[in-house]
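This report is an introduction for a reader who is meeting the structure for the first time.

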Number of protein chains: 4
Amino acid sequence: MTTSKPVCLVLGAGAGIGGHVAKRFASGGYHAVLARRTDEAGLTRLINDIHAAGGSANGHIINAVDDGAIEALIDDTEAACGPIDTVIFNLGAQIGNRSLQQTSLKAFEMGWRMTTLALFRVAKHLLPRMVERGGGNLLVTSATSAMRGNAGQHSHAAAIGGRRMLCQSLNAEFAPQNIHVCHIVVDAAVEAPDTLGKLLGPERYAALLAERANGKDGMVIPEHLAETYFQVAQQHRSAWTFEMDVRPYSDQAWWNT
Amino acid sequence: MTTSKPVCLVLGAGAGIGGHVAKRFASGGYHAVLARRTDEAGLTRLINDIHAAGGSANGHIINAVDDGAIEALIDDTEAACGPIDTVIFNLGAQIGNRSLQQTSLKAFEMGWRMTTLALFRVAKHLLPRMVERGGGNLLVTSATSAMRGNAGQHSHAAAIGGRRMLCQSLNAEFAPQNIHVCHIVVDAAVEAPDTLGKLLGPERYAALLAERANGKDGMVIPEHLAETYFQVAQQHRSAWTFEMDVRPYSDQAWWNT
Amino acid sequence: MTTSKPVCLVLGAGAGIGGHVAKRFASGGYHAVLARRTDEAGLTRLINDIHAAGGSANGHIINAVDDGAIEALIDDTEAACGPIDTVIFNLGAQIGNRSLQQTSLKAFEMGWRMTTLALFRVAKHLLPRMVERGGGNLLVTSATSAMRGNAGQHSHAAAIGGRRMLCQSLNAEFAPQNIHVCHIVVDAAVEAPDTLGKLLGPERYAALLAERANGKDGMVIPEHLAETYFQVAQQHRSAWTFEMDVRPYSDQAWWNT
Amino acid sequence: MTTSKPVCLVLGAGAGIGGHVAKRFASGGYHAVLARRTDEAGLTRLINDIHAAGGSANGHIINAVDDGAIEALIDDTEAACGPIDTVIFNLGAQIGNRSLQQTSLKAFEMGWRMTTLALFRVAKHLLPRMVERGGGNLLVTSATSAMRGNAGQHSHAAAIGGRRMLCQSLNAEFAPQNIHVCHIVVDAAVEAPDTLGKLLGPERYAALLAERANGKDGMVIPEHLAETYFQVAQQHRSAWTFEMDVRPYSDQAWWNT
């Protein structure tokens, strides 16, 4: 199944940002490899959608925090599909607002493993290969808590804030070696049934959709955000973006109240 | 000459970023209006280039700091070409590194008039009309000194750093009214004979080109940066970017040393 | 009246931060020079308070935005009292929340003249002398809008955000010459009858005091903040602070909501 | 040994910042509890110094990353000495500049355990007690890498940058409960034989001292920095500082080059 297309590996390919970014890269000429932790049926649906649109894709169910799982996924993908050109790192561990008392040591560690360590592992395993091959892209989906800690965000802010600094250190070492790292701060609620939907539960999620989405464009529509990811990966290396924010027109930025 | 095309007004349309952004919007279906302070011949050349490529454009020589000049330009443009959809605010007053002793009160005031006040005047005169018409874009070219003051940047940093805060306050008031404000931090030297070329003088500019550009992509190539401006103006309003940085792959970010 | 004490010049010496900082420096062994725009009686009261406490002080009514006024104040102070060791720059132009429509060009310019240009003028006129004399302190009272623009803050954010960058550029040039610049971000309402009191009007100010001050410590009490200013000016030069924030324990930081 | 003095627990009490902060709090009327990972003799020396100066102190050798070690230290301290009023969190894992290739998964995890998780554990175990008792202080020594990731800082920046966000989330939840959290960014080399001395090795450390310290004040002198820690802990709650930077007068700030 080795493909002549450039390969785009999406870690965290649910029905929200990850899946739509995979679709956009597939329609733009990449072979998309979709990896997610659960929901084989949802994964198959996304791959079928891509095939139906004339694109090329395959997928894996993996638990990224397992020892060696990310490394094996990268190895298997490169063996089966060819060298990875672009990684979309779309993992995170937003667990909702929890007071310090409600945040266990275990949850705090799991947040770090899924958010920060997982990116470090991707970088360790893949960036040296990309350098040898002459370049690549690493696009990281981030969130408001990477920019400031808020009450109830102890685990999430520590993990994703640390990851932002890791992206900066990776960029400092690897941009001159032709690796484009981009940290994309999604500073808003996203239409994402697999993540926000599960976090809020069906009733609150439906209410949010009714209030802000459904034609009102008051939540990030992942299909449209995916276009920005794709354009970033096409930027000429004389004018690379390292960091950008995105939010709906109707939302206040994180620095406003 | 009223056009059915959306109008893109470029303030500061020299041979660098401004001119290339005008070309990109023209090739993307906009009527481009190019305004610059000097060099009628250069202006004509840019307009001819756009016409030759099948695009639509006209231009003005104006001094943006003159009383009423910006306001008249907006009025004249809308009367002649139709409603302005997008403004590219590409004015600034980088005067090179000068110690406090070398920075006169006059230079300090001129920096503010050209960089900060001029944007405020554009916003005052145009944003209410855009709101009435249902929306618009305001893309602002910024620079490293908007993010941190450095020795020798007293005038530039004060002016452009103030302008960044102004962009944030404009965004807070006008994004919910469907005006997309985007602050683009060009954190690097740009291949721009009209500005950097004049600042450095012919010899130093040629040496810089030899060292960093000319196939090495070590300076921002405005033609490529222009693509990013265009894509930002096309972003769906459910996922707008307010701020992004750009630099060549080979450059260290401003926060690194 | 030349004094053997180090001289501390307070620009913006009202009944809030400025006046209390003057008192703290006077009680700490400085001769305090208090300058304010209006209210001769209030000025006299502050000076009498300092004298009554055994301190040394004098004062001036000046309009800092007048041509040459700041420069004359510095000259007169040094002629009359001796070399200025420390400047407390406590001027600003918070005019409350105003929409873009409500913000005139004149107000925008006045905000810049009082907030940004005035600091530049102080620096131009005084820092070279301080360098010659071996050192000095420049402490600048700042506010939330220096960190982010908010709706209604067009004038204030542009001016004070520009000033923050100016402080950084001054620090970069002058810290190695033994001038301690410190930018103090007062991220909260202050018990200040002369500024916040006038901005809100007597009724709203009294209501705010009742809700948040009066023993609740929910507003910045200038007397206590003044202690921090004094300590900053005493920091050993091996461990100088350039920037710090302050707010009451009960307030959310500007980056939180 | 229960003391009527307020207790100040210093985690990371070596011969640099930690030890000098302990001395300053002891001389200011606190009972100091010094904890460090190694060097029983060095610990005894610090405690003897404090006793010789008329202060009160005791100490422990502990490995903060061991399961339960921090929690036991807190319990033992409160049982033996009384309620902890102030924690100086002075742990970190600066391991020098290492490329991604040189940074092992193990080092990356250890950096996080010592820097980020250890603070979370302190907060979990102690802050609820402080709240019950009506208040307390948590002062966190931080570093440049908390503000931006640099090449070679993958482990350190991820850990300490995450910790900064954790401090913000702790502050958001606990400041209104009268806990003063302060994040002190030490943006410079410190005269610290136990940490920087060991990191550089004796020759390079001696050369650095010769070039920058020894009367030149070109490195942070911990004795002087300690004064700032002490003053922060004395700030009135109507004007608390959450974040401040410190560096020698002769150093460029991290945002300058």
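Over all chains, the count of aromatic pairs comes to 36, and the model in which they are found is a predicted one. One of these pairs is formed by A:F108 and D:F120, whose ring centres lie 3.9 Å apart with planes at 10°, so the pair is stacked. A:F108 belongs to helix α4 (residues 105–133) of chain A, while D:F120 belongs to helix α4 (residues 105–133) of chain D, so the pair joins two chains. A:F108 and D:F120 are both buried.

Another pair brings together C:W255 and D:F242, with ring centres 5.5 Å apart and planes at 55°, so this pair is tilted. C:W255 is found in the segment after β7 (243–246) of chain C, and D:F242 in the loop between α8 (222–234) and β7 (243–246) of chain D, so here too the pair joins two chains.

**The interface of chain D and chain A**

Which chains supply the residues of this contact, and how many does each give? The contact takes 40 residues from chain D and 40 residues from chain A. Between them, chain D and chain A bury about 3000 Å², and 69% of this area is on carbon and sulfur atoms. The count of salt bridges between chain D and chain A is 2, and the side chains of A:R113 and D:E109 meet in a salt bridge at 3.1 Å, taken from N to O. On the side of chain D that touches chain A, α4 and α5 (154–174) of chain D each supply at least two residues. That side of chain D divides by class into 19 nonpolar, 15 polar and 6 charged residues.

**The interface of chain D and chain B**

Here 8 residues of chain D are in contact with 8 residues of chain B. The area buried between chain D and chain B is about 700 Å², with 39% of it on carbon and sulfur atoms. On the side of chain D, the residues that lose the most area to chain B are D:W255, D:N256 and D:T257, which together account for 52% of what that side buries. The count of salt bridges between chain D and chain B is 0, whereas 6 residue pairs are in polar contact across this interface, both residues being at pLDDT 80 or more. The residues of chain D that touch chain B divide into 2 nonpolar, 5 polar and 1 charged.

| Interface | Buried area | Part on carbon and sulfur atoms |
|---|---|---|
| Chain D and chain A | about 3000 Å² | 69% |
| Chain D and chain B | about 700 Å² | 39% |

**A:R212 and its contacts**

In chain A, A:R212 has its place in helix α7 (residues 202–212). When its neighbours within four places in sequence are left aside, A:R212 is in contact with A:D217, A:G218, A:M219 and A:D251. With A:D251 the contact is also a polar one, made between the two side chains at 2.4 Å. A:R212 and A:P248, which are 36 residues apart in sequence, lie 9.8 Å apart in space from C-alpha to C-alpha.

Methods: Residues numbered from 1 in each chain as written. Chains lettered and ligands numbered in written order. Predicted model: local features only at pLDDT ≥ 70, side-chain atom pairs only at ≥ 80, totals over all residues. Heavy atoms only, no water. Helix = DSSP H or I, 4+ residues; strand = E, 2+ residues; numbered from the N terminus. Contact = heavy atoms within 4.5 Å. Polar contact = N/O pair within 3.5 Å; in protein donor to acceptor, adjacent residues only side chain to side chain. Buried area = accessible area lost by both parts, 1.4 Å probe. Salt bridge = Lys/Arg side-chain N within 4 Å of Asp/Glu carboxyl O. Nonpolar A, V, L, I, M, F, W, Y, C, P; charged D, E, K, R; others polar. Phe/Tyr/Trp six-rings, centres within 6.5 Å; stacked < 30°, edge-to-face > 60°. Buried < 20%, exposed > 50% of the residue type's maximum accessible area, 1.4 Å probe, protein only.
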